[in-house]
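Morning, everyone. I have one model to walk through today. Let me put it on the screen.

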Amino acid sequence: MAKTGVFFAHCDGKYDQHEVDFLNGFLGGIDHIGDIDETLRQEIKDSLNHTYTLENIIEETQQLLEGFNEDEQKAIITSIYLFIRKVLVSDKNLESVEKKNFRLWKDTFGIEN
């Protein structure tokens, strides 16, 4: 999720304070969950310091879905979809490149709308 958020926050070439705040809030929420391995927690925080391609995001999402049944996969994809939407609107400015990448992501995972 963090990598996906970083990709969509950066894909328009702008990474403004609203997007930074949103992703930091997401990470803060992870800190409050509790029983997360410290290595995983650090890996998630470190993900904010990297750049990703749409292909990276799609590939990692497909890997994530492996081993889950169809209903579980739909729930995961829906959660990621809603998260992406929140990232995209966090800066109050939806650019055409963001729309294009989101459409490609949705097409890959069979989301219509």
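Start with lysine 92. Lysine 92 sits in the loop between helix 5 (70-89) and helix 6 (96-108). Helices here are DSSP runs of H or I with at least four residues, and strands are E runs of at least two, numbered from the N terminus. Is lysine 92 buried or exposed? Exposed, with a relative accessible area of 71%. The cut-offs: buried is under 20% relative accessible area, exposed is over 50%, and partly exposed is in between, with a 1.4 Å probe and protein chains only. Aspartate 37 is 55 residues from lysine 92 in sequence, and their C-alpha atoms are 34 Å apart in space.

Some ground rules. This is a predicted model, where local features need pLDDT of at least 70, side-chain atom pairs count only at pLDDT 80 or more, and totals for chains, interfaces and linings use all residues. Residues are numbered from 1 along each chain as its sequence is written, and side-chain values use heavy atoms, with hydrogens and water left out.

Now confidence. The mean pLDDT (the predictor's confidence in each residue, from 0 to 100) is 87 for the protein, and 94% of residues reach 70 or more. Helix 3 has the lowest confidence, a mean of 76. Helix 4 has the highest, at 96.

Next, the inside. The largest nonpolar core has 27 residues. Such a core is a set of buried Ala, Val, Leu, Ile, Met, Phe, Trp, Tyr and Cys residues joined through side-chain atoms within 4.5 Å. Phe7, Phe8, Leu23, Ile84, Phe102 and Trp105 have the most contacts inside this core. Which helix gives the most to this core? Helix 5, with 8 residues.

Take leucine 23. Contact means heavy atoms within 4.5 Å. Leaving aside neighbours within four places in sequence, leucine 23 is in contact with Gly5, Val6, Ala9, Tyr15, Leu48, Phe83 and Val87.

Asparagine 101 is in helix 6. Asparagine 101 is buried, at 12% relative accessible area. Not counting residues up to four places away in sequence, asparagine 101 touches Phe7, Phe8, Cys11 and Leu54. Phe7 and Phe8 are also among the core residues with the most contacts.
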